[in-house]
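Please read it alongside the sequence and the coordinates.

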Amino acid sequence: MKERLQKILARAGYGSRRSCEELISAGRVRVYGQIAGLGDKADAARDQIAVDGRQVKGAEELVYVALYKPRGVISTVTDPDLRTAVRDLIPVEGTLYPVGRLDFDSEGLILMTNDGDLANKLTHPRYEHEKEYRVLVATHPDSEQLAKWRRGLVLEDGFKTAPADVYVMSKYGKGAWLNVTLKEGYKRQIREMGKVTGLPVVRIVRVRIGELRLGNLKPKEWRYLTPQEVGALKKPAEAQKLKSVPENSKANGYQKSKTTLRKSKFNRRDRD
């Protein structure tokens, strides 16, 4: 049965559908020796498909891994500057690439997989999958600073953020730990939100992607997902809405805001 080439390549472990479309657009994909174009279809079981001159093998067995990315590790498969990459931390054979990147100085949960369809669903803005973070800021936030995060604000480069769910978990010396939940992932978004509101960000730990939680993993530790976790991630985003405010949050004087949904358009994603 013929399918779009980007779907075949994603299933074979070449990345998300979006990244496979880029391979096709760059002229790196051929079918029977002819350069393929976007929209072309092929039969994975019968047609000769090659990427960079190498024959595309049959689809790999799908693998799903939860990893605690520590600080100082880059969220890529390899790095030209020879820094440690997340793929280096998982000593298993086969194709694995990160879904939901974290910047170099951030840490926490990253999903590693070869499932291109799932990667697309978890990273594309229209699906609005929640990502939850523990964020240490250098000063105690006041109500107006938190209100700006909840309303959405304009960053220094002009990007307008969607409303975030945020509340104070605890004070920490002169600073405080915040719980922050986003449905978007603009580049360095949390750090930039802190910058423009006078809340310098000291540390970011991602603890949840959709219904997948970091749990008891420590830095550099990883584990395979259970079938139940994989099934939960594949559910529509509307079925994955979670309440992340503890019952005693009101007693502490903080209350989770009611976030209004909007479809945001941005080019740089999942690097909070």
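Residues 24 or more positions apart account for 67% of the contacts in the protein with a separation of 6 or more, a contact being heavy atoms within 4.5 Å. The model is predicted: local features need pLDDT of at least 70, side-chain atom pairs count only at pLDDT 80 or more, and totals for chains, interfaces and linings use all residues. Residues are numbered from 1 along each chain as its sequence is written, and side-chain values use heavy atoms, with hydrogens and water left out.

**Overall figures**

- The protein has six helices and 15 strands; helices (H or I, at least four residues) and strands (E, at least two) are DSSP runs, numbered from the N terminus.
- Of its 272 residues, 50% count as buried, where buried means under 20% relative accessible area, exposed over 50%, and partly exposed in between (1.4 Å probe, protein chains only).
- The accessible surface of the protein comes to about 14200 Å², and 49% of it belongs to carbon and sulfur atoms; areas come from the Shrake-Rupley method with a 1.4 Å probe, and for residues only the protein chains shown count as cover.

- Strand β13 (201–209) is mostly covered, with seven of its nine residues buried.
- β13 pairs with β10 (131–137) in the antiparallel sense over seven bridges; two strands pair if DSSP finds at least two bridges between them.
- Within that pairing, arginine 208 in β13 is the bridge partner of glutamate 132.
- With strand β9 (residues 107–113), β13 pairs in the parallel sense over two bridges, and glycine 108 stands opposite arginine 206 in β13.
- Strand β14 (residues 212–213) pairs with β13 in the antiparallel sense, again over two bridges, with isoleucine 209 opposite leucine 212 in β14.
- The hairpin of β13 and β14 has two residues between the strands, and glycine 210 there takes a positive phi near 60 degrees.

**Helix α5**

- Which residues of helix α5 (residues 189–196) are buried? They are Gln189, Ile190, Arg191, Met193 and Gly194.
- The cover over these buried residues includes β10, α4 (143–151), β12 (175–182) and β13.
- Glycine 198 follows α5 and has a positive phi, near 75 degrees.

**A four-stranded open sheet**

- An open sheet of four strands has the order β3-β2-β5-β6, with antiparallel pairing.
- Its edge strands are β3 (34–35) and β6 (54–55), each of which pairs on one side only.
- Strand β5 (residues 49–51) is joined to β6 by two bridges, and the two run antiparallel.
- Valine 51 has arginine 54 in β6 as its bridge partner.

**Aromatic rings**

- A pair of aromatic rings is described by the distance of the centres and the angle of the planes.
- Rings of Phe, Tyr and Trp (its six-membered ring) pair if their centres lie within 6.5 Å; planes under 30 degrees apart count as stacked, over 60 as edge-to-face and the rest as tilted.
- By this rule the count comes to three aromatic pairs.
- Phenylalanine 159 and tyrosine 186 form a stacked pair, 3.9 Å centre to centre with 5 degrees between the planes.
- This pair links distant parts of the chain, 27 residues apart: phenylalanine 159 is in the loop between α4 and β11 (165–172), and tyrosine 186 is in the loop between β12 and α5.
- Phenylalanine 159 and tyrosine 186 are both buried.
- The ring centres of tryptophan 222 and tyrosine 224 are 5.3 Å apart and their planes are at 85 degrees, so this pair is edge-to-face.
- Tryptophan 222 is partly exposed, with a relative accessible area of 27%, and tyrosine 224 is partly exposed at 47%.
- The charged end of arginine 83 sits over the ring of phenylalanine 104, 5.2 Å from its centre; the criterion is NZ of Lys or CZ of Arg within 6 Å of the ring centre and within 35 degrees of the ring normal.

**Threonine 76**

- Threonine 76 is found in the loop between β7 (64–69) and β8 (97–99) and is buried, with a relative accessible area of 16%.
- Leaving aside neighbours within four places in sequence, threonine 76 is in contact with Ala85, Val86, Arg87, Pro98 and Arg101.
- Proline 98 is 22 residues from threonine 76 in sequence and 6.6 Å from it in space, C-alpha to C-alpha.
- A polar atom of the threonine 76 side chain lies 2.7 Å from the backbone oxygen of threonine 78.

Methods:
Polar contact = N/O pair within 3.5 Å; in protein donor to acceptor, adjacent residues only side chain to side chain.
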